[in-house]
Amino acid sequence: CLDATATPTTTSTRRACLHRRSDSMTGVAPIKKEYLLQAPVVATAAPASNGGPESKLAATAESAAPAASAPSEGDAPPRKRARGMNKSRPQYRPTSTVKLCSRIVEGRVCTYGDACKFSHDIDAFVAVRPPDLDGLCPIYSLKGYCRFGPTCRFSGTHGSSNMPPESEGEVWETNELPRELPNRLRKHQYDFAKADNIAERVLADIQEQQQLERERARVGRADDIADTTAPEGSARTSEIEANDESGSTKPEIHARERKKVDFRGKTYLAPLTTVGNLPFRRVCKDFGVDITCGEMAMATNLLQAQSSEWALLRRHKCEDVFGVQLAGNAVAAMGRAAQLIEETCDVDFIDINMGCPIDVVCNRGCGAGLALKPTRVQGIVRTM
């Protein structure tokens with residue numbers, strides 16, 4: 001019954017048809033012979049055969065078997081797939097086995113001394129490092145000092161005068177991760193009492209509002225409930241205002257916190273993940289951008305002191321109006337991140353991400369997923 005147009009009419013014909021169908025694999029539809037293609041023949045050193053189709057298939061199987069069973073060279077682990085669109089681009093990966101101490105690289109004295117787990121031998125590092133690139137070091141040519149020291153790819157042009165200045169002088173970039181901050185965050189020694197107190201009050205107020213709305217929906221008499229709960233609500237409001245005036249839980253407001261950014265008539269460079277880094281923003285400033293904003297940073301990663309996440313907060317001196325964008329889904333975490341940025345960084349405003357469509361971000365309730373939860377958005381905004 002390979003022919004779809006054939007219709008069995010007798011019992012013997014039906015039995016023969018079922019017998020032929022049973023020979024085929026389950027779940028595989030038979031193909032007419034005129035549509036079948038012969039397998040390619042691979043030349044091998046096998047003895048001559050009669051050239052039939054059976055011998056051709058056997059030769060093909062014998063030639064493919066060694067290739068499939070042959071082990072890889074040195075049983076090396078599989079290589080990771082190259083990321084990005086240009087897979088053939090040259091990629092530089094440092095292969096040095098000597099890891100220098102960051103303080104020694106900058107030309108300073110290491111506070112750990114002999115107990116430091118990194119190497120202090122610059123000569124050993126130079127012996128295994130890759131050769132320098134052609135050209136002059138742009139940082140050394142501009143400032144007269146390169147903080148990357150022997151690890152710079154243009155270290156041969158530094159000369160012997162590459163020593164850190166006694167004073168910091170003009171600051172070109174700010175909002176770098178402080179050295180002592182990672183240990184304080186990881187050991188839970190950073191004081192987040194200000195953000196925690198505000199988050200606790202905001203969450204309690206939101207829960208009270210939700211309870212009142214549920215009562216109104218259950219009874220169905222909004223006016224009566226509003227009349228009966230007005231004194232209690234007024235007392236609650238007076239209590240909150242009294243606490244605010246007393247300053248017991250309200251944070252101290254600095255002068256720059258009251259500064260309002262005027263967006264009217266100005267060009268705003270929106271946050272661009274993986275694109276809107278500091279060099280890109282500097283180029284845009286040369287083209288007339290007024291307000292710039294850093295890339296999206298995850299609040300939880302900032303609280304964990306991840307250096308890659310803190311690099312998104314860096315600000316150049318040419319960015320006169322600069323803001324950062326935070327992504328998160330927890331009221332307490334967003335409040336803590338806002339307090340941390342306010343106390344350790346120099347920013348003019350903080351933007352909350354509620355439009356990122358990436359699945360990894362949305363599945364965690366951040367980005368576009370946060371826009372679906374107005375109550376949580378209210379808590380985050382009020383806490384920050």
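This is a predicted model: local features need pLDDT of at least 70, side-chain atom pairs count only at pLDDT 80 or more; totals for chains, interfaces and linings use all residues.
T274 is exposed, with a relative accessible area of 66%, where exposed stands for over 50%, buried for under 20% and partly exposed for the range in between, computed with a 1.4 Å probe on protein chains only. Residues are numbered from 1 along each chain as its sequence is written, and side-chain values use heavy atoms, with hydrogens and water left out.

Let me stay with T274, which sits in the loop between β2 (268–269) and α9 (278–286); helices here are DSSP runs of H or I with at least four residues, strands are runs of E with at least two, and both are numbered from the N terminus. Although T274 is not a glycine, its phi is positive, near 65°. Most residues other than glycine have a negative phi. N175 also has a positive phi, of about 65°, without being a glycine, and N175 belongs to the loop between β1 (173–174) and α6. Is N175 buried or exposed? N175 counts as buried, because its relative accessibility is 5%.

Now to the strands. Strand β5 (residues 321–327) runs parallel to strand β6 (residues 349–352), and four bridges join them, where pairing requires that DSSP finds at least two bridges between two strands. Between these strands the chain passes through helix α12 (residues 331–344), and this β-α-β crossover is right-handed, which means that, with the strands pointing away from the viewer, the path from the first strand over the helix to the second runs clockwise. Within this pairing, L326 stands opposite I352 in β6.

L326 touches, among others, L302, M334, I341 and I352, where contact means heavy atoms within 4.5 Å.

Helix α12 also holds Q339, which is buried, with a relative accessible area of 6%. Among the residues that Q339 touches are Y190 and F192. Y190 is buried at 11% relative accessibility, and F192 is buried at 8%.

How many aromatic pairs does the structure hold? There are four, and a pair means that rings of Phe, Tyr or Trp (its six-membered ring) have centres within 6.5 Å, with planes under 30 degrees apart called stacked, over 60 edge-to-face and the rest tilted. Y190 and F192 make a tilted pair, at 4.8 Å centre to centre and with 40° between the planes. The F263 and Y268 pair is edge-to-face, because the planes stand at 85°, with the ring centres 5.7 Å apart. F263 is partly exposed at 40% relative accessibility, Y268 is partly exposed at 32%, and together with F349 they form one aromatic cluster.

Finally, K317 lies over the face of W172, at 3.9 Å from the ring centre; a charge sits over a ring if NZ of Lys or CZ of Arg is within 6 Å of the ring centre and within 35 degrees of the ring normal.

Technical notes. Lists of a residue's contacts leave out its neighbours within four places in sequence.
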